[in-house]
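Visitor: I have not seen this one before. Can we go through it bit by bit?
Guide: Fine. Here it is.

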Amino acid sequence: MSTLSITTLATHASPTAISLPPAHVQQLPERVLQFGTGVLLRGLPDYLIDRANRQGIFNGRIVVVKSTDGGDMTAFARQDNLYTLCIRGIENGQTAEENVICSAISRVLSAKQQWDEILHLAASPDLQIVISNTTEVGIQLTQDSIHQSPPDSFPGKLLAVLYARYKVFSGDLNKGLVIVPTELIPDNGTTLASILRELAHQNDLQPDFIHWLETANTCCNSLVDRIVPGHPDAATRKALTEELGYEDDLLIISEVYRLWAIDVPAGSDEEHIKNTLSFHQADNSVFIQPDIDLFRELKLRLLNGTHTLSCGLAFLGGFTTVREGMEDELLSAFVSRVMLTDLIPGIPYPIDEAVARRFGMQVLDRFRNPFIEHRWLGITMQYSAKMKMRIIPVLLNHYEQADVTTQPATPQYIALGFAAYLLFMRGVTQKENVWQGERAGEVYPINDSQAGYFAGLWAGLSPAALVDTTLKNTGLWGTDLSRLPGFAEAVVQNLLQLVEQGASATLTARINAYGTVINELI
């Protein structure tokens, strides 16, 4: 069987529908420098640029910088930088499938072996945009010299590129770049801009360059949202290869849903940013606007928050994957209700309820995706930190919004999810310094920085005392949660039932007690 390449495309006859790239794309100029070869970048930004190129809108390709030696650099060269994106999922309640051969990448360069070529690209008048996804630890300030070949850190490499560009164009203010990091940290663009400034001072770069850095270049905060699990397992790959009719070592799978929200920093030229990032016109999932907090809150509370409140209950109830859990009527009801009844009303941001409900429907479609295997146990990673970031602000806002003349209603589904979190955190043994919990006689890892703290509580306290101690721990939550009327009592009641009867029986009792099953959000 042939391998994906420009040559084989010319004669390839696939047994299935494939969206092929138009021939003219191979001649488009290199307008984007991208740091990172990860599947998220290829499954979202690169896909969106490819989509715009097909429509004759953006008309530019991407040069990718690979900073590490891992992975197969030669796969891109063998396949003429083409790769297949297999889009699989649920959209508006219906199964959706599409196969796209993406051709937005023109070259992949090794930072360690081809640094001179990367600096040469900095001198290109066609270059306009920088995109990055170097993981959350990539955007950090370190002691780094931009005169190394290459610098150690991502900010160091980027600053070296910008400095080279500044010198080539003699500080021309029209030659700055629009920089859009997609790393999953708050205010990623603002943080990166601050690091670049500090690193420029550390490297004793001249004041004129620092002025150019700050005025000619724009770092935009951005939020990306698309599940791209990575390379498929062997069985899935074999089935897709037979379906497509060719080998593709770079093939990836993604869900249907996609979002890229990009902010316009205060004082920046919004029209210039939109014109530069013209690919946004090709897909209604790209938003460029002065405030993207709406998107951040919806994702953080309704997608991530629902995951957080459901994962412990689902895992302890015997479910392995999110899809598997969504096939169960009672757990699916809990997931829907915790989102509708407790999370949407408590979002600490002014959001139109209809907008939130539409987003919620999309979240449920994503959870039901039969093509994505998202494991509940994986979602419990750093459970405590996620609970603090995603859930506690909603819980506090729920009580703050209550009528002061009446007793605020306890958010029952948050209370149940919180109780399941406490039970999940019951460490019974340690293996290689990792605390282990127990489910139905089998141990599981508790990958949480607070695992030792909770193991100690469970070893010495009753469930009621444990709840009281935990809720009063302002170091964990930033506030005393025991002061919230009715919340401690609800958590204790749920925790006792979870301990005595198990997750499945507790879920059954609570869903039946709190009303009829909700199948739809609207």
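Visitor: Is Tyr-453 buried, exposed or partly exposed?
Guide: This is a predicted model, and in it Tyr-453 has a relative accessibility of 27%, so it counts as partly exposed.

Visitor: And Phe-454, buried or exposed?
Guide: Phe-454 is buried, because its relative accessible area is 0%.

Visitor: How are the rings of Tyr-453 and Phe-454 arranged?
Guide: They form an edge-to-face pair, with 5.1 Å from centre to centre and 75° between the planes.

Visitor: Which cluster of rings includes those two?
Guide: Ring pairs link Tyr-453 and Phe-454 into a cluster that also includes Phe-315, Tyr-383, Phe-418, Tyr-421, Phe-424, Tyr-444, Trp-477 and Phe-487.

Visitor: How many aromatic pairs does the structure hold?
Guide: There are 22 aromatic pairs. One of them joins Trp-260 and Phe-279, with ring centres 5.3 Å apart and planes at 15°, so that pair is stacked.

Visitor: Where do Trp-260 and Phe-279 sit in the chain?
Guide: Trp-260 is in strand β11 (residues 259-263), while Phe-279 is in the loop between α10 (270-276) and β12 (286-289). They are 19 residues apart, and the pair links distant parts of the chain.

Visitor: Is Trp-260 buried or exposed?
Guide: Trp-260 counts as buried, at 0% relative accessibility. Phe-279 counts as buried too, at 1%.

Visitor: Different topic. What about the largest nonpolar core, how many residues has it?
Guide: It has 78 residues, and Leu-302, Trp-376, Phe-418, Tyr-421, Leu-422 and Phe-487 have the most contacts inside it. Helix α17 (residues 412-424) gives the largest share of this core, 11 residues.

Visitor: Which residues are in the second core?
Guide: That separate core has 42 residues, among them Ile-49, Ala-52, Val-100 and Cys-220.

Visitor: Now the sheet. In what order do β3, β4 and β10 come?
Guide: The order is β4-β3-β10, in an open sheet with mixed pairing. The edge strands are β4 (94-102) and β10 (252-254), each pairing on one side only. Neighbouring strands are turned by 20° against each other on average, direction ignored.

Visitor: How many bridges join β3 to β10?
Guide: There are 3, and the two strands run parallel. Cys-86 stands opposite Ile-253 in β10.

Visitor: Which helix packs on that sheet?
Guide: Helix α3 (residues 45-54) does, touching β3 and β4, and its direction makes about 75° with that of β4.

Visitor: Last one. What does the pLDDT average over the chain?
Guide: The average is 93, and 96% of the residues score at least 70. Over residues 516-522, though, the pLDDT is below 50. Where pLDDT is low, the predicted coordinates should not be read in detail.

Key:
Residues numbered from 1 in each chain as written. Predicted model: local features only at pLDDT ≥ 70, side-chain atom pairs only at ≥ 80, totals over all residues. Heavy atoms only, no water. Pairing = 2+ DSSP bridges. Helix = DSSP H or I, 4+ residues; strand = E, 2+ residues; numbered from the N terminus. Axes fitted to C-alpha atoms, helices over the stretch in contact; angles between N-to-C directions. Contact = heavy atoms within 4.5 Å. pLDDT = per-residue confidence, 0-100. Core = buried A, V, L, I, M, F, W, Y, C linked by side-chain atoms within 4.5 Å. Buried < 20%, exposed > 50% of the residue type's maximum accessible area, 1.4 Å probe, protein only. Phe/Tyr/Trp six-rings, centres within 6.5 Å; stacked < 30°, edge-to-face > 60°.
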